[in-house]
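Here is a short briefing for a first look. Please have the sequence and the 3D view open as you read.

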Amino acid sequence: MIYTQVQKQPQPKTVVGPNSSTGRVATMQATVPSEAKIRERAYELYENRSREPGQDEQDWFSAEQEIINRTK
């Protein structure tokens with residue numbers, strides 16, 4: 001079983017560019033993958049290994065890295 005510490009998702013950052021007027025503000029979402037997406041992909045990796053136990057942390061880290069790389 002995978003135990004994780006729940007982390008608060010960061011709030012979107014407000015960015016004002018050099019050509020922005022004070023009335024126009026751009027919002028950027030953080031690129032932190034959601035725990036649900038990581039969990040789903042880690043489970044897929046587990047199933048692809050014929051549900052062999054004992055590599056839950058490796059599946060989690062692999063899934064997390066895959067998802068982070070997709071967002072870049």
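Tyr-46 is partly exposed, at 25% relative accessibility. Partly exposed lies between buried (under 20% relative accessible area) and exposed (over 50%), with a 1.4 Å probe and protein chains only. This is a predicted model: local features need pLDDT of at least 70, side-chain atom pairs count only at pLDDT 80 or more, and totals for chains, interfaces and linings use all residues. Residues are numbered from 1 along each chain as its sequence is written, and side-chain values use heavy atoms, leaving out hydrogens and water.

**The aromatic pair**

- One aromatic pair turns up in a search of the whole structure.
- The ring centres of Tyr-43 and Tyr-46 are 5.6 Å apart and their planes stand at 45°, so the pair is tilted.
- Rings of Phe, Tyr and Trp (its six-membered ring) pair if their centres lie within 6.5 Å; planes under 30 degrees apart are stacked, over 60 edge-to-face, and the rest tilted.
- Tyr-43 and Tyr-46 sit three residues apart in helix α1, which means about one helical turn between them.
- Tyr-43 is also partly exposed, with a relative accessible area of 42%.

**Helix α1**

- Helix α1 covers residues 35–48. Helices are DSSP runs (H or I, at least four residues), numbered from the N terminus.
- Its 14 residues reach 20 Å from first C-alpha to last, close to the 20 Å expected at 1.5 Å a residue. The expected span is 1.5 Å times one less than the number of residues.
- Ile-38, Arg-41, Ala-42 and Leu-45 are buried in α1.
- These four cover an arc of only 105° around the axis, so they lie on the same side of α1. The arc is taken from the directions from the helix axis to the C-beta atoms.
- α2 is among what covers the buried residues of α1.
- Ser-50 follows α1 and has a positive phi, near 60°.

**The nonpolar core**

- The largest nonpolar core has six residues: Ile-38, Ala-42, Leu-45, Trp-60, Ala-63 and Ile-67.
- α1 and α2 are the elements that give two or more residues to this core.
- Such a core is a set of buried Ala, Val, Leu, Ile, Met, Phe, Trp, Tyr and Cys residues joined through side-chain atoms within 4.5 Å.

**Asp-59**

- Asp-59 lies in helix α2 (residues 56–71).
- Asp-59 is buried, at 7% relative accessible area.
- Its side chain makes a polar contact of 2.4 Å with that of Arg-49. A polar contact is a pair of N or O atoms within 3.5 Å; within protein, one must be able to donate a hydrogen and the other to accept it, and residues adjacent in sequence count only if both atoms are side-chain atoms.

Methods. Contact means heavy atoms within 4.5 Å.
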